[in-house]
Amino acid sequence: MKLVSEFYRIFIRPVDPGLFMTKYAAKSICACLVALMLAYMVGMSTKFVQWSVYGSMVVVVFRAGSTLTKRKAVARWLTFAVMFLVPCSTVIGNHNIGLELYLFLLAFAVFFVQVLGVAAGTAAIGTLIVNLLALTSPDTLLVGLERSGAVLFGSTVAYVFVFYLWPINPEKILTRAGAVALTDIGDYFRAVASSSGRKEDLQQIAEIHDRSVESVRRYRRFMEAMNVDPVKELGSYEGPSGLYALLVRMIEAVVGLSNSRKFAEHSAVFKDMRFKFSDLTGRSAVAFDVLAAGISTGKGEVDLRGLDEGIAELESELLRLGAYNRDDELRDEFLEAWGAVYGLRNLSIEFAEMSKLFCKGGVCSVR
């Protein structure tokens, strides 16, 4: 497994995160196959074997939650809901008027539950689909109860297989993808900070920028594939969605620095300041390494005192120059310099916000 992981890290990761999702899909298929084989082995009636498969599918397909604990809870609630409603649907399917009213109420409840979040909405859709199967094949209450028992059998097998025999923690996948995204953004920042403005440098910056944007998109795709709401916790900056928001803001901050990295390039007045600014950006790159490691460990607090003090000194020096009171050309150069310093200040703020995210235990310490 270590050899496969290294192969993925070196060759596949920069292009596509497919190995994670392939493993995720393989586990789901295996869970359904195991439930099907065990149903045959225990001598379950052929007409109820399919309901065992339905039970396993509601566990492996309709999952939600950013942690293993939350996903277990969703699977349990979904199983109980299906077990309770399948006998009702089986009996009501015999009555045309009752079927239409029941179906209307069930559909209304399912779509109304969507406002409670991704987890509730996912469970509701799973409940609706299985109950539609029961409604279209009406029978007696006894048959409905037997179907419910088959659903419980399949759900239990899939639950044990998915969460205990072959568990894949969504938080681990998200933290790995988040660490990759932040590492790529750090590479983008370093390329911006060390660029001399040559055509080759600009081309390299554009390539690394595209790679870092793709990494952030990859992180969101993982969230969506696991039914984790990307915007659920944006305001609180906690959990996977909080990290996603900070990754987006971080890359925007680096883009801002990229646009103003060569401020007042031909002005002798700002020569010393450009040197100090370049030195400060170079030294601040280590924060990306600390934070990327912190995504995995939950301890990514960065000491920003040196960076903030350096930024404050640059701001004071700019104000002492008084360039904003002089001729138009010098005033324009002053505004360029102020924009660059402001961009670095903005990046420092994002460092602090991401550091606080780890202090809250928001990304990966939730179990």
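A salt bridge here is a side-chain nitrogen of Lys or Arg within 4 Å of a carboxyl oxygen of Asp or Glu. By this rule the count comes to 9 salt bridges. The model on screen is a predicted one. The tour visits some of these bridges, then a helix pair, a surface patch and a loop residue.

**Stop 1: D187 and its two partners**

Select D187 and R190 and show their side chains. They meet in a salt bridge, 3.8 Å from N to O. Both residues belong to helix α8, and because they are 3 residues apart there, about one helical turn separates them. R190 is partly exposed, at 28% relative accessibility. D187 is partly exposed as well, with a relative accessible area of 26%.

R211 has 30% relative accessibility, so it counts as partly exposed.

**Stop 2: D308 and R345**

Move to D308 and R345. Their side chains meet in a salt bridge of 3.8 Å, N to O. Here too, distant parts of the chain are linked: D308 is in helix α13 (residues 305-321) and R345 is in helix α14 (residues 328-359), 37 residues apart. D308 is partly exposed at 27% relative accessibility, and R345 is partly exposed at 22%.

Which residues do salt bridges with shared partners join into one network? Select D184, D187, R190, R211 and D289 to display that network.

**Stop 3: S212**

Next, select S212 in helix α9 (residues 199-225). Is S212 buried or exposed? Its relative accessible area is 0%, so S212 is buried. Show what surrounds it: leaving aside neighbours within four places in sequence, S212 is in contact with D184, I185, Y188 and I251.

**Stop 4: helices α8 and α10**

Colour residues 170-194, which are helix α8, and residues 239-260, which are helix α10. The two helices pack at an angle of about 10 degrees, and their axes are 10 Å apart. Angles under 35 degrees count as roughly parallel, so α8 is roughly parallel to α10. To view the contact from the α8 side, select L174, G178, A181, L182, I185, Y188, F189 and V192.

**Stop 5: a nonpolar patch**

Switch to a surface view and select L101, F104, L105, F108, F112, V115 and L116. These residues form a nonpolar patch on the surface, with about 830 Å² of accessible area together. Pick out V115, one of the residues in this patch. V115 is in the loop between α5 (96-113) and α6. With 63% relative accessibility, V115 counts as exposed.

**Stop 6: T140**

Finish at T140. Where is T140 found? T140 lies in the loop between α6 (118-135) and α7 (141-165). At 43% relative accessibility, T140 is partly exposed. Not counting residues up to four places away in sequence, T140 touches T90 and V91.

Technical notes:
Residues are numbered from 1 along each chain as its sequence is written. This is a predicted model: local features need pLDDT of at least 70, side-chain atom pairs count only at pLDDT 80 or more; totals for chains, interfaces and linings use all residues. Side-chain values use heavy atoms; hydrogens and water are left out. Helices (H or I, at least four residues) and strands (E, at least two) are DSSP runs, numbered from the N terminus. Buried means under 20% relative accessible area, exposed over 50%, partly exposed in between (1.4 Å probe, protein chains only). Contact means heavy atoms within 4.5 Å. Patches are made of residues with over 30% relative accessible area and no salt bridge: like charges are joined within 9 Å, nonpolar side chains (Val, Leu, Ile, Met, Phe, Trp, Tyr) within 5 Å. Accessible areas come from the Shrake-Rupley method with a 1.4 Å probe; for residues, only the protein chains shown count as cover. Axes are lines fitted to C-alpha atoms, for helices over the stretch in contact, and angles run from 0 to 180 degrees between N-to-C directions. Angles under 35 degrees count as roughly parallel, over 145 as roughly antiparallel, 65 to 115 as roughly perpendicular and the rest as oblique.
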